[in-house]
Amino acid sequence: MRFLRILLAVSLACGVLAPAGGAVAAEGKPLNIVFVNPGKTGEVFWDMVSQTMQAAGRKLNAKVEVLTSERNYRTMQELGLAVLARAEKPDFLILSNEESAAVPIVEAAEIAGVKTLLLSNTLIGEDAARLGPPREKLKTWLGDITTDLTTAGARMANALIGAARARKWQSSDGRIHILGIGGDEITPASIARNAGLDLAVAAAPDVVVDRMLFANWTQSEAEHVTANYLNWASRKGIRPAGIWAGNDPMALGALNALAAAGLAPGRDIEVVGLNWSEDALREIKVGRLLLTDGGHFLLGGWSIVLLRDYADGCDFAAASPHVEVKTSAVTRNNLVSVSALIRTRAFERIDFARFRAKAGACGRYDFSIDALISSLSPANGAGE
Amino acid sequence: MMKKDDAMTDPDRAGQARPAASRSVVRAMIWATVPVLLLVQLLASAGVEVSSFWSQIRQLDARIARVADSRAELIAEPLWKMRYEQVTSVLDEIMHDESISAAAVYDDTGAAIARVVARPTGQAVAEVSRPIKYSNGNIAVQAGRIAIAYSYSSLYADAGSRLMMLLVVGVLATLATVIAMRISANVFIGGPLAAMMSAIQRSKQDGRAYPADVRASNEFGQLAQAFNAMQHTTSGALDRLGHMASHDPLTGLPNRRSLTERLVVLSSEAGSHDALVAFCFIDLDDFKGINDTFGHDAGDKFLIHISERLRGAVEAEDWVARLGGDEFVVIRPEVTNEAAAQAFARRLLDAISEPIRLHDKLVMPRASIGLAVRHADDPELSHLPALADIALYHAKSKAPGTVAVLDEALQRDYRRRRDLELAIPAGFAEGQFEVWYQSQIDLENQSVACLEALIRWRHPEHGVIGPAEFLPLIERSGNNARLTRYVLTDACRALQRLAAASKPQIRIAINLPPSELADHSLAGDIRETCTLFGVAASSLELEITEGSLINNITSASETLRRLRRLGATIALDDFGTGYSSLAHLRRFPLDKVKIDKAFISEIPASAEDKAIVGVIASLADTLGLTLIAEGIERAEQAQAMREIGVRFGQGYLYQRPQPLDAVLQWLEGQPAPERQVLAESPSVVPEFAA
């Protein structure tokens, strides 16, 4: 049933978007790309990944088929293997190695002769050691495109530290006390962000992370642990100066806890998040959230850019099969241009063709927020 | 009979006490062992329980500490990461442990993060507190502390119930042991003891030795075997003893004891009222002479001969016994009349009288028989020996070598003797005994030198009775001393009266029975009585017989010396009839010798008697003894005595024995003695000694 529903959703998407894509597509032969989305329908980040992917496909003459796993890795594997078993195999299969669930699919794709790209989560640990780098043992595994979340975490921490220093929010021990809220302790995406926090704090001797708490990426648990932290801090006589949250929902939970504790975010304490979520952008707008880092949902679009170039003979592996995309922080300063894009999800405004590698510079890309902003067509140009 | 009864009674009591004693042995064993057993068992189990209790306490402490440690480990991360609901849920889990009453988790600020209370805390609450340490790759911190309060009450309750169970088990075990002990004690001890007791009881009932039926092979079995062996031995010994007790070892005839039983049997087996029992009491005449002449072995042989002859002379239904010495009894249980009985007795005499050869000499045995005949159902059948003895006494005294039949006259004598014997206490109490006095005359000047006190019994029925008849009765009834004191008192009173009648020179002689010489209190009593009446003991003369000296030479001579020290003089009575031992005259402290009247009665006709008296007189003269002749009835006798040199005389010629009043009256008529003689002899003793 679920599978039928997914197919229906895919065909609807194709039916609606194909004429526009067909109209824009201009370069090379048309590509057939399948993305097995690990997330759940309605899960903002992964929805946006799919949407940017499809927007880019339309711009770059690629037919992008999205299959949704609904956060079920078994389903994800079934979907991937079913694609590989098709008579008409796609040109590329985009997978995300969440919980290392994509490994069997990647291996099966090698046998099926279908080229694969890992998005956001690549091979790690034992799998990485066993299967080696891309295009060696697994000839069809082209590489991966991931986000540099460590830098993101560090950037978020530094923003907090800067704000606290500027406003002299040191506690009685003369140090700046920060609460860290991580999503989990095992996924590479979480570990990378947390490592960024650690790096930044390690470089700041006047800063101490009182606790690194984990809230399962959710707002309510974050609110809960934040409340606990605030109580503890008050008992301990600590003045909390900032809360570093691994994603926006957790940042929003922290904001709720602060409000409940009678603290005014932005005035008594600063909070940072990650994801460029609409709610976060709203909180930035009203000054309660210092920033939200992110933009990595654009990996969907960027992956199509890479595969288009690869198909057209400009292999990104010329630089490295591992493409790492930097994220960017949305603050009050750059809030305006990005928030509309996010709010409307009018990713057709992005001119993905502008991000293709220049001839002779295969594998070199500028996916910065500035490049993004300058690539945007005016908002009213979209079908809104 | 009495003795035998006693002997029977004692073992009886002992026998009845025995089973009780054996029961109490078992009980005592149980009482001795059970409390110890119970105590040891209870102490041991209590000790084990206490040590187990302490080890459980320690185990609980250790367990709770482990729980605290493990919980601390589990709680560390959620605590550090402030997942307090997880902390609480982890803490909640430990409340499944029943010992834990409360638990709390504190963070590094000391604030209680989680607190659970399971149950109200009873007594004995212990607490364990452990730090909660959190560490990851980067940090190692103490995130807080966990405290667990736990209770020993379940341990206490468990220990209590176990103790109670041990107590119950201990008591039950002890009870079982008691029962087992009782049963085994009854089986192994009580049973054999009861079997032996039963054997003893049965043995006691009929005097036979029964074996105890004990088949065990243990110590009691051995004891029973030994007991049975002893019973067997005892049985033989008892038989022999019984035979010995009832038989004369020399002749093998039944003895005196058997006689009593035989009479009982006769009495109970009395066939018809007409049947007469002939009881012959046989006494050999002069058996002492045979012993003296031929020796005791020959005497024994002689007795065996006699017994064999008696056995030969009787029929199967007759019964022959030897009572001891030379006394035999033959009972014929059925005779038709007294004449037949007499004929039977004479046949016995004839049988005895056949000559017997002893040491190549023919001896003619001679015996006297006292015959008593009674109906078998006569209630006085048990008196037959006494009755026959009366007849025998008569035969021996009147006609030795004959059969004397107990007749009415003899029985009358017997009854009279018995009456008198019974009347002795009354005689004393009612002053029926009277002291009469007979004077002893100085043959030279015809003056009264002394009065002999002679006892008479003025019996309310039998009249005045002479001493010859009742003195043996007095002696047999143990009243010798009393009678002597009685006479002594009367004599002292008489001395007073003599002094009052101005005849202080007259002394009084008292007869002492043989038993008195063995009485050490006599001298003291005499002194006290003399003092009481204010008379001099030297006024007393004490007459003794040779027989009294023979039986107890040492004691008698000692008493005599004491009496002489008091000042009394000692006279040897009836000299010449008994032993007439010259040695006695020399050995004992005698002052005076009384020549028996047997030597006087034929004087002056009998030249022999006269010669004998002469010899005695010269002997007395040599030994410095004063002589007095008894039984002087005629003047020529007095004359003869004077001629022979006998100083004093006594007899009907001068005065018959009379009550004191009559004597005093008679004395009034006597010529006064020559005073100068008396003046020269204030004490009799020195005078006679001179």
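Two residues are taken to be in contact if their C-beta atoms, placed from the backbone, lie within 7 Å. The model is predicted: local features need pLDDT of at least 70, side-chain atom pairs count only at pLDDT 80 or more, and totals for chains, interfaces and linings use all residues. Residues are numbered from 1 along each chain as its sequence is written, and chains are lettered from A and ligands numbered from 1 in the order in which they are written.

1. Helices α2 and α11 of chain A. Helices (H or I, at least four residues) and strands (E, at least two) are DSSP runs, numbered from the N terminus. In α2(A), residues A:V49, A:S50, A:T52, A:M53, A:A55, A:A56 and A:G57 meet A:L299, A:G300, A:G301, A:S303, A:I304 and A:V305 of α11(A). By class, this contact has seven nonpolar, six polar and no charged residues; here Ala, Val, Leu, Ile, Met, Phe, Trp, Tyr, Cys and Pro count as nonpolar, Asp, Glu, Lys and Arg as charged, and the others, Gly among them, as polar. The axes of α2(A) (residues 44-59) and α11(A) (residues 299-311) come within 6 Å and cross at roughly 35°. Axes are lines fitted to C-alpha atoms, for helices over the stretch in contact, and angles run from 0 to 180 degrees between N-to-C directions. The crossing of α2(A) past α11(A) is right-handed, a crossing being left-handed if the near helix is turned anticlockwise from the far one by less than a right angle, and right-handed if clockwise.

2. Helices α12 and α14 of chain B. A further helix pair is formed by α12(B) (residues 480-500) and α14(B) (residues 522-533), which pack at an angle of about 35° with their axes 10 Å apart. Here too the crossing is right-handed. From α12(B), B:R485, B:L488, B:T489, B:C492, B:R493, B:L495 and B:Q496 meet B:D525, B:I526, B:T529, B:C530 and B:F533 of α14(B). The residues of this contact divide into six nonpolar, three polar and three charged.

3. The sheet of chain A. Six strands form an open sheet in the order β7-β6-β8-β9-β10-β12 (chain A), with mixed pairing; two strands pair if DSSP finds at least two bridges between them. From one strand to the next the twist averages 20°. Strand β10(A) (residues 291-294) pairs with β12(A) in the antiparallel sense over three bridges, and A:D293 has A:A329 as its bridge partner in β12(A). Helix α8(A) lies across β6 (176-182), β7 and β8 (240-245) of chain A, running at about 155° to β6(A).

4. The contact between the chains. Nine residues from chain A and eight residues from chain B take part. On the side of chain A that touches chain B, the elements giving two or more residues are β7(A) (207-214) and α8(A) (219-236). The most come from α8(A), with six residues. This side of chain A divides into five nonpolar, one polar and three charged residues.

5. Burial and cores. Chain A has 384 residues, of which 49% are buried. A residue is buried if 20 or more other C-beta atoms lie within 10 Å of its own, exposed if 12 or fewer, and partly exposed in between, with C-beta atoms placed from the backbone. A nonpolar core is a set of buried Ala, Val, Leu, Ile, Met, Phe, Trp, Tyr and Cys residues joined through C-beta atoms within 7 Å. In the largest such core, of 83 residues, A:I181 and A:A254 touch the most other members. Helix α6(A) (residues 149-166) gives the most to this core, with nine residues. A second, separate core of 73 residues includes B:A491, B:I600, B:I603 and B:I628.

6. Strand β5 of chain B. Eight of the nine residues of β5(B) (residues 276-284) are buried, so this strand is largely enclosed by the rest of the structure. It runs antiparallel to β7(B) (residues 327-335), with seven bridges joining the two, and B:A278 stands opposite B:R332 in β7(B). Strand β5(B) also pairs with β10(B) (residues 367-375) in the antiparallel sense over nine bridges; there, B:F279 stands opposite B:A372.

7. Residue B:L172. This residue is placed in helix α3(B) (residues 153-206). B:L172 counts as exposed because it has 10 C-beta neighbours inside 10 Å. Its C-alpha atom is separated by 9.8 Å from that of B:L38, 134 residues apart along the chain.
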